[in-house]
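Reader: I am new to this structure. Please take me through one part of it closely, and show me how that part connects to the rest.

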Amino acid sequence: MANANSPQTNPTFTIKLESIERLNNNITANLIVNTNLPQYRRQKYAPVRSLAEILRLHKYLQSSFPEYILPVPPFKSSKIEVIARGIEKFFTRVASKTRLRTSDGVIQFIESEFAFVQTTSPIVPKRTKSVLQSFIPGSQPTKDIDPYFENAKQEEDAGVQQMQSWIRLSDKLARVYKDHGYAVSELANRLSATDFGFDSTTQCARKFSKSLRAIEDYNNKQAIYIGTTFAEHCHAQLCNFESAGVSLACRYGAVTNYEAACKNTTKKVNVIERLKSGGSLRQDRVDSALEDLADAKRVEAEAREQMKRMTDVLRTEYVKHNETMYLDGMRDLHLFAEQMVESAEKEIRAFESCLD
């Protein structure tokens, strides 16, 4: 009888979010893991991890496997269901990739009974101003050798700048709705407190004042929606653009490393050529030069393999990333449009009540 964890068994690995809880500012996820992979000690796990631990796992995977573009859980969202959806999306991506689900970090995250602490991993280029500037056309001395990734860099930088501008715009728009609500409230108060001397006019003013108070409420709700929910959607998109930008920056670093390795190999070959053209050949110098050349070729081969792997995987990942960003963006805009239409319809009905 075959062992359940034997390599002959069809490999399975699922990690599901069973429930999520919020206590004050602390968010905890109750996970269910089922697997028959030989890297794991058991077939079933039920780890309980905080949102901070999940974000640390994301950071570890991003730095250790930068060729994969992983969705970032929306940690700034005020809605628990939005955070839950983001966590599910993240773990679905992790479970779908063999290198991720069998990595030391994921195994530790699932099996450890202690708090997950990010293990040692390569340094990830941060999306600082200098990195962002390198994505802007004309500011980078040497462009990416692959036009596809050069365009991708520019797209991601444009996406980051667009989301940042939308976040600022949502803050301004929320203040406009708040100010409008305050002005409507002032007008409603004055109309309700004023005696126009005619019963019919005063009654009409009271009725109009009641409609204005309803509109004030709608404006306040709009301000809250735009300043929180919509702004949080934009921030989630911003984080995913930045995550893709980090992957692209790491690939560009791999290209740069390969170019440097090629130059170093050429340099070692030139050393041997100079020795050959010299009047006398010392065996110790020749042996040393040949050893240096062998090391340079080994480093060049490793750099080329890393660059090729990152290029091949990231090309596919970027297509999926673009599709996901488009669908998420359309969903957010659709929800925003629905909210605006609903608010406008309520305001119209509030004014129409004055005509009854």
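Author: Two strands pair if DSSP finds at least two bridges between them. Helices (H or I, at least four residues) and strands (E, at least two) are DSSP runs, numbered from the N terminus. The model is predicted: local features need pLDDT of at least 70, side-chain atom pairs count only at pLDDT 80 or more, and totals for chains, interfaces and linings use all residues. Residues are numbered from 1 along each chain as its sequence is written, and side-chain values use heavy atoms, with hydrogens and water left out.

Start with the hairpin. Strand S1 (residues 13-23) runs antiparallel to strand S2 (residues 26-35), and 10 bridges join them. Leu 23 faces Asn 26 of S2. Two residues lie between the strands, and Asn 24 has a positive phi near 60°.

Now place the hairpin in the chain. The protein has eight helices and four strands. From the N terminus, the order is β-β-β-β-α-α-α-α-α-α-α-α.

Next comes the core. A nonpolar core is a set of buried Ala, Val, Leu, Ile, Met, Phe, Trp, Tyr and Cys residues joined through side-chain atoms within 4.5 Å. Buried means under 20% relative accessible area, exposed over 50%, and partly exposed in between (1.4 Å probe, protein chains only). The largest core has 31 residues, and Phe 13, Leu 57, Leu 61, Phe 91 and Ile 110 touch the most other members. S1 and S2 each supply at least two residues, as do helix H1 (51-64), helix H2 (80-96) and helix H4 (104-111). H2 gives the most, with seven residues. In soluble globular proteins, nonpolar side chains tend to be buried together.

Look at Leu 61. Contact means heavy atoms within 4.5 Å. Beyond its neighbours within four places in sequence, Leu 61 has contacts that include Pro 66, Phe 90, Val 94 and Val 106. A second, separate core has 13 residues, among them Met 163, Cys 234, Met 325 and Phe 336.

Aromatic rings come next. Rings of Phe, Tyr and Trp (its six-membered ring) pair if their centres lie within 6.5 Å; planes under 30 degrees apart count as stacked, over 60 as edge-to-face and the rest as tilted. Phe 90, Phe 91, Phe 109 and Phe 116 form one aromatic cluster. The structure holds 10 aromatic pairs. Tyr 148 and Tyr 318 make an edge-to-face pair, 6.2 Å centre to centre with 85° between the planes. Tyr 148 lies in helix H6 (residues 147-193) and Tyr 318 in helix H8 (residues 283-352), 170 residues apart.
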